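Colleague: I am new to this one. Could you show me how to read its features, one at a time?

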Amino acid sequence: MSNCTEKEWILRQETLSDGRSFREVGEELGLSPVIVRCLCNRGVKTEDKIRKFLYATPADLYDPMRMKGVPEAVELLLSLNPATRIAIASDYDCDGICSGVLLKRGLEQIGFQTMILTPDRVSEGYGLNRRIVDDAVAEGCTVLITCDNGIAAVDAVRYAKEKGLTVIVTDHHEPQEELPPADVIVDPKQEGETYPFSGLCGAGVAYKLISALYARVENGDTNQYDQLVRSDRADLLNGEYLVLTAIATVADVMELVDENRILVSYGLKALSATGSPGLRALLRVLELEEKQIRASDIAFRLGPTLNATGRIASVEEAFSLLLAEEEEEALVLARKLFAVNQERKELTDKGTARGIELVQEQYPEADRGRMEDVLILYLEGVHESLVGLIAGKIKERFNHPVIVFTDGTPGDQGELRLKGSGRSIAPYHMFNRLMECKDLTVAFGGHAMAAGLTIPKENLEELRSRLNRESGLNPEDFVEKLMIDVPVPISYLTEGFINTLDQMAPFGVANPRPIFAEKDLKVLRVLYMGKEKQHVKLVVVGKEGTQVDAVAFSRADEFDDYISETYGAEELKKMQRGGSEVRLSLAYQPQINEWNGMRSIQLSIVDWR
């Protein structure tokens, strides 16, 4: 049976909090009632909240001094000698890279000397460790600041304190039972936090700390740090630092609501005009120069390219790119990162194909009902940095929580260990479930939708058994839900209407691009596109006689199988010749197609039935 028939279509039917109609509020705000309804579907249910959602500016960001630990961190930093050497303990993913560069730039602009230290992904794994502490001490650092990690580094922070370092932890991950003994902890998820928004990424937390630090320097009673005039600092906060925060927020798959929406909206604008040689070179290599940059460009192109170095190459190359000051040097580095990401894609595709084969071997199509709630896969020979990407793709294929393991570095006593990474579905809080199995792990961390862990190889089957025995999931949780925002006839679509949808951008987690649907569209013909005829284009007509093209990329085989199974192979042939009477309901996203100087309305097919 075709995968698309497994989705359950659900029409969102939210209502505004005050009982007003979508049309009434739309007229008040100068918006299409369709947009008001789409925003209502995303929980934005009052006129004031809609106004804030669409028109908030950086001036609407919350005061960073309201975040627990920020006032103490600022005062601690400003009590130091300006010549103090600070070690920044970062992570090797895009959020860690961006937050590390942001802190480095931000601290150096007021006089501190800094260096960035990261763990080796393969030999050391995630987070602050003793080797990083030793390197910081050897380099003459007296202060260590973590970013995008540290909240779970109890042992490493304790070791840093024993070595005489002052430690500030900045992180955004979930705290565990014991907090590290740092001098200051800044993490909007820690107990007792009253900051209005807890959904910042690591770079978002770093941005808040630097914002508070700059404000204190400008308004304080000391001039020792005032190496920049006020306008320079404002430019950095609204330019380079905002760009880094936006990239990290999207790449780390944070919800694009509240402060994140503001940071990303204005960060995207700043990215298009960035003065950073490294980012300009990266945009050029990715063919994004002089184009309107969208959140999807970060999610699928820019973010993965920066991420790739920390996966299968040296993360130092990503830092070097973002810190580059010469155009020629930056272009060489950008091209190298692009090549690394291409290699990463190929390795990920191979690992994903093998993982899907394992699932299909164990659970043939007829036996899918026996599939374990949580899929635990062991893939030999896969680069350990890719297991999270592979888990995500397998999760998308089967709509089950997935944890993929591969061989890790042996323990101190030579015991075999596995490195794993998991991706979850909405009903399954992966972090909480793994907390219940913490005794089986050497180390782990994460949040509701993703986690990373290391386990002794001998514990693999016990982990599989426990997670599945107490999953808390039921069969309905595995049925993929397709949320339809509004039933919109294709006759309603105009270029003007489609352009107005961009008022809701940037799109991403918690603010997906709207999905519309129409029933009983007559399919006049099916065409195939692409070098291998892998894309399908339908010519469809609505009840009012409106005719449009509807495309589905890389789904030609899936569409052909569906039509053959549902209507018969002969009907598919008629459709290919242009003589079919088949009618389909389409879930779609409208777009403007430009080809050879011509513009036309086109549907991007999300699903059919």
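Colleague: Which strand is joined to β12, and by how many bridges?

Modeller: Two strands pair if DSSP finds at least two bridges between them. Here 4 bridges join β1 (residues 8-11) to β12, and the two run parallel. W9 has L482 as its bridge partner in β12. Strands (E, at least two residues) and helices (H or I, at least four) are DSSP runs, numbered from the N terminus. This is a predicted model, where local features need pLDDT of at least 70, side-chain atom pairs count only at pLDDT 80 or more, and totals for chains, interfaces and linings use all residues. Residues are numbered from 1 along each chain as its sequence is written, and side-chain values use heavy atoms, leaving out hydrogens and water.

Colleague: What is the strand order in the open sheet?

Modeller: The 5 strands run β3-β2-β4-β5-β6, with parallel pairing. β3 (113-117) and β6 (184-186) are at the edges with a single partner strand each, so one side of each has no neighbour in the sheet. Between β2 (residues 85-89) and β3 there are 5 bridges, and I88 stands opposite I116 in β3.

Colleague: How do I describe two packed helices?

Modeller: Use the angle between their axes and the distance between the axes. For α12 (residues 277-285) and α15 (residues 327-362), the axes come within 8 Å and cross at roughly 50°.

Definitions and conventions:
Axes are lines fitted to C-alpha atoms, for helices over the stretch in contact, and angles run from 0 to 180 degrees between N-to-C directions.
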